[in-house]
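Subject: A structure for you to look at

Hi there,

Here is the structure I promised to pass on. Have a look at it first, and then read my notes below.

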Amino acid sequence: MLERTPIKTEAELCAAFIQSMNKQADWTCYPEAAGFDILAVHTSGRQIGVEAKMSLNAKVADQILPKDYENFYGRPGPDHRMVIVGKASEASYGI
């Protein structure tokens, strides 16, 4: 049986995501780019802004959403946004 070591830090979580995502055809991940923990870029130009947190909570959900002022000035941003977490609990249900 394969033993898995628990992820202990956001850096480890990001490294695992980047390693997995970079195996996908035509995707490249850039750590700490464009205001995100990770910016995943497809050769077509599509982008995913990724925030990483050890546990899911309302703060990270708010952090990943675009701010109102960003829309006023046509600020470019990723096509998609996502959150990766080390764990989710009953308390984070519905987020």
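L39 has G49 as its bridge partner in β3. Strands here are DSSP runs of E with at least two residues, helices are runs of H or I with at least four, and both are numbered from the N terminus. Please keep in mind that this is a predicted model, in which local features need pLDDT of at least 70 and side-chain atom pairs count only at pLDDT 80 or more, while totals for chains, interfaces and linings use all residues. Residues are numbered from 1 along each chain as its sequence is written, and side-chain values use heavy atoms, with hydrogens and water left out.

**The sheet**

V50 is bridged to M82 in β4. Between β2 and β3 there are 4 bridges, and these strands run antiparallel. Strand β3 (residues 47–55) is joined to β4 by 7 bridges, and here the strands are parallel. Two strands count as paired if DSSP finds at least two bridges between them.

Put together, 4 strands make an open sheet in the order β1-β2-β3-β4, with mixed pairing. Because β1 (27–33) and β4 (80–87) each have a single partner strand, they stand at the edges, and one side of each has no neighbour in the sheet. From one strand to the next, the twist averages 25 degrees. For angles, axes are lines fitted to C-alpha atoms (for helices, over the stretch in contact), and the values run from 0 to 180 degrees between N-to-C directions.

With 4 residues between them, β2 and β3 form a hairpin, and G45 in the turn has a positive phi of about 105 degrees. R46 also sits in the loop between these two strands.

The side chain of R46 makes a polar contact with that of S44 at 3.3 Å. Such a contact is a pair of N or O atoms within 3.5 Å; within protein, one must be able to donate a hydrogen and the other to accept it, and residues adjacent in sequence count only if both atoms are side-chain atoms. Leaving aside neighbours within four places in sequence, R46 is in contact (heavy atoms within 4.5 Å) with W27, A40, V41 and D79. R46 and P78 are 32 residues apart along the chain, yet their C-alpha atoms are separated by 7.3 Å.

**The helix and the core**

Helix α1 (residues 10–21) lies across β1, β2 (36–42), β3 and β4, and runs at about 145 degrees to β3. The largest nonpolar core has 13 residues, of which F17, M21, C29, I38 and I84 touch the most other members. A core of this kind is a set of buried Ala, Val, Leu, Ile, Met, Phe, Trp, Tyr and Cys residues joined through side-chain atoms within 4.5 Å. Its largest share, 5 residues, comes from α1.

**The cysteines**

C29 is buried, as its relative accessibility is 7%.

Happy exploring!

Methods
Buried means under 20% relative accessible area, exposed over 50%, partly exposed in between (1.4 Å probe, protein chains only).
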